[in-house]
Amino acid sequence: MHCQTIVLGAGIVGVSTALHLQARGREVVLLDRQPPGNGTSHGNAGLIERASVIPYAFPREVTKLLRYGLNQQSDVRYSLRHLPKAGPWLLQYWRHSSPQGLAAATRAMLPLIEQCVSDHLALAEPAGMLGLIHDGGWLEAFNDQQAFDSAQAAAADLAQYQLNYRVLDREQIHALEPGLHCDVVGGLHWLDPRTVSDPGGLTRGYAELFKQRGGQFVLGDALSLAQVEGGWQVRSEQGPISAQEVVVALGPQAAGLFEPLGYRIPLAIKRGYHMHYAALPGNELRHPILDPVGGYVLAPMVGGIRLTTGIEFADSDDPINEIQLRRCEALARQFYPLGERLDAEPWLGRRPCLPDMCPVIGPAPRHPGLWFNFGHAHHGLTLGPVSGRLLAQLMTGQTPFTDPAPYRAERFN
């Protein structure tokens, strides 16, 4: 099999990239070891996060660092065995999270964040997936008045970004979500984001659109990629596939491909879990709810109420560890009346993260025809379509809608 472009990885980033290349006339084959939308794109909190204009930075306050060091928090936990391996990366992350570094990351990411909703809708409509995308926003809820006051001040500091939100007192937030525990004192209702009730289903819907438009999806081994005369070749269940160009959109697995090619891109994994719960009779969760203190999200999904945890630093292949999920579940039950668990075991996902809080989008500097699109951290679902559009513009010689320099691969060398 031969085509113009192979896209490796059928998560939201890879599928979106394939669609945008296809729309610009490229003959594209999409390849993954499993069907589309079955990786991290399946298990996230379902937020198209238009309001996250400030990237997730490493905490720099001494009190927070000491608290996390005790490893008893629900939002972040770590494996002691993994710390020596993660240490150098965490130090880079800490350095980039300085006020100057965070400001630079914010400027770099803003053009992508600003267009994330419109780019999703541009794909969802022809894919027939608008029914999975909801415009009610999401809630940040508090059962501590001091934390609520701090959150209001932090939201006011974002005035330059012209985000739409409402401050909700106790009566207002309980009117929106009657099932909330009576201890909830108020919250913030972020109105610009959209929410997705089946992220994996949305990705699969986009993949079906790609196939309806003539694209091919094949199962194969992305890590078998090799340079051959005239381009690149990869093994698939349908035999070898060759192309002039290839896109690495493998998310957390990308390092297995770029490292053997000599690229020293500091990609790390932040693991996270989810579990679905039944709704108790008489209760219906209407909006995703973030507990910013506990570091988890409760979201209404087609499979039940999904609890998505924060960050676990552990080896990518370590077995599931329920400690963080149990901590979050205990806190969540103080916010909202959850029923029984619906999943046989927790789902484990892996977020591909870079220390400067920006993805890699663009050409591989030393290998003609090789392109990168990975490292979207907590915002893979949010940024899949918009980063796919940016890369497609670069690959087809169009004027990019924003300066791609902050995402170049060589920034780490």
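Over residues 6–394 the chain is 33% helix and 28% strand, with the end C-alpha atoms 16 Å apart. Helices (H or I, at least four residues) and strands (E, at least two) are DSSP runs numbered from the N terminus. According to an unreviewed UniProt entry, the annotation "domain: FAD dependent oxidoreductase" covers residues 6–394; such annotations may be inferred rather than shown by experiment.

This is a predicted model, in which local features need pLDDT of at least 70 and side-chain atom pairs count only at pLDDT 80 or more. Residues are numbered from 1 along each chain as its sequence is written, and side-chain values use heavy atoms, without hydrogens or water.

The table gives two residues by location and relative accessible area. Buried denotes under 20% of this area, exposed over 50%, and partly exposed the range in between (1.4 Å probe, protein chains only).

Leaving aside neighbours within four places in sequence, serine 79 is in contact (heavy atoms within 4.5 Å) with Phe313, Ala314 and Asp318. Serine 79 and alanine 314 are 235 residues apart in sequence, yet their C-alpha atoms lie 5.2 Å apart in space.

Aspartate 32 belongs to strand β2 (residues 28–32). Aspartate 32 is buried and has no salt bridge, a term for a side-chain nitrogen of Lys or Arg within 4 Å of a carboxyl oxygen of Asp or Glu. Arginine 33 is the nearest side chain of opposite charge, 4.9 Å away. Not counting residues up to four places away in sequence, aspartate 32 touches several residues, including Gly9, Gly11 and Phe217.

Definitions and conventions
Lys and Arg count as positive and Asp and Glu as negative; His and the chain ends are not counted.
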